[in-house]
Amino acid sequence: MTTDLTADLTALAGRRPLLVASDYDGVLARLRDVPGEAVPEEWAPALLRRLAAADGVVVALVSGRGVDDLRTTSGFGEPFRFVGSHGAETDDGLDPAVAAERDLLVDALGPLVDAVEGARLEVKPAAVAVHVRTVADRAAATALLERAAAAAGPHHTAKPGKDVLELAVTDADKGTAVLRLAAQLGADGVLYLGDDLTDEDAFTALAPRTGSASVKVGAGDTAASLRVADLDGVRDLLEELARALGV
Ligand SMILES: O=P(O)(O)OC[C@H]1O[C@H](O[C@H]2O[C@H](CO)[C@@H](O)[C@H](O)[C@H]2O)[C@H](O)[C@@H](O)[C@@H]1O
């Protein structure tokens, strides 16, 4: 882990174009029992706008959520870029054939989820997510996730997260998506922030890329180059970047 956060942010601030990409849940919004209630932290909209106002800086939201859900729940719009469904979906949309395959997953997993009190099935553009945050019986929660993975079968991509198991129709991941967006923008610098297992794909993808830094939010093993403890740490880091950018 790099400990000199200020030096890394100052170096990043000197690169243009600069892509500042952030995961949403657990980074810009506190985790809640109901996904639709996970609104951004009070400071987040204005601070992200400040960053995006800097010349040559693009701010992107990169989430496991579908893009429409991400826009609605976050309230974010212009001037941000959006990458949803763990990279399967961009501002340009999603392959329609993917929805039919996802509906087969809904048919297979719906009855399993309905049988466990407190569990919920989230239907996303390119995946379904089995949520167990509100399942009081933790053994039943674990068993449900195992049953869901088995029922989905090996031809779907399992993405475990915080009290959630997502079964995805595509093999997209956040690492490939962030590298693709960086290439589209011709980015000389990239900063990525994330808190969950699916963000490790982005941390790993960026590790060998010159001019890139990644930030793990919270505890746990990580391939990220930097770490902050929590969402207040995210705010402080982005404030410091804004100051370094002169905005
Ligand atoms: O990639 P992210 O932006 O971090 O999205 C990951 C998943 O976030 C949501 O689930 C998580 O947050 C919920 C709201 O706080 C919480 O209830 C749940 O336990 C968390 O796993 C979202 O619902 C999923 O679709 C995203 O994949």
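A residue counts as buried if 20 or more other C-beta atoms lie within 10 Å of its own, and as exposed if 12 or fewer do. Keep that cut-off handy for the exercises below, and remember that the model is predicted.

**Exercise 1. Find which residues of helix H6 are buried and which exposed residues sit on the face turned away from them.**

Step 1. Start with the helix itself: H6 runs over residues 174-185, 12 residues in total. From first C-alpha to last it reaches 16 Å, close to the 16 Å expected at 1.5 Å a residue.

Step 2. Apply the burial cut-off. The buried residues of H6 are Lys174, Gly175, Ala177, Val178, Leu181 and Ala182. Seen down the axis, these residues fall within an arc of 165°, so they line one face of the helix.

Step 3. Turn to the face directed away from the buried side, where you will find the exposed residues Ala183 and Gln184.

Step 4. Look at what covers the buried residues of H6. The cover includes strands E1, E2 (57-62), E3 (81-84) and E9, along with helix H7 (200-206).

**Exercise 2. Work out where the buried residues of helix H1 lie around its axis, and what covers them.**

Step 1. H1 spans residues 5-13, and its buried residues are Leu9, Leu12 and Ala13. They cover an arc of only 100° around the axis, which puts them on the same side of H1.

Step 2. Their cover includes strands E1 (18-22), E9 (189-194) and E10 (212-217), as well as helix H8 (231-245).

**Exercise 3. Describe how the two assigned domains meet.**

Step 1. Take the bounds from the domain assignment: domain 1 is 5-88 + 172-245, and domain 2 is 97-168. The C-alpha centres of the two lie 26 Å apart.

Step 2. Domain 1 and domain 2 each give 13 residues to the contact. On the domain 1 side there are 4 nonpolar, 6 polar and 3 charged residues.

**Exercise 4. Characterise the shell around the ligand.**

Step 1. Of the 24 residues around the ligand, Tyr24, Asp25, Pro35, Ser63 and Gly64 come nearest.

Step 2. Sort the shell by class: 6 residues are nonpolar, 6 polar and 12 charged.

Step 3. Trace where the shell comes from. Domain 1 and domain 2 each supply at least three residues. Strands E5 (120-124), E6 (127-131) and E8 (164-168) each contribute at least two.

Definitions and conventions. Residues are numbered from 1 along each chain as its sequence is written. This is a predicted model: local features need pLDDT of at least 70, side-chain atom pairs count only at pLDDT 80 or more; totals for chains, interfaces and linings use all residues. Helices (H or I, at least four residues) and strands (E, at least two) are DSSP runs, numbered from the N terminus. The arc is that of the directions from the helix axis to the C-beta atoms. Two residues are in contact if their C-beta atoms, placed from the backbone, lie within 7 Å. Domain bounds come from an automatic or database domain assignment. Ala, Val, Leu, Ile, Met, Phe, Trp, Tyr, Cys and Pro count as nonpolar, Asp, Glu, Lys and Arg as charged, and the others, Gly among them, as polar. A residue is near a molecule or strand if its C-beta atom, placed from the backbone, lies within 6 Å of it. The expected span of a helix is 1.5 Å times one less than its number of residues.
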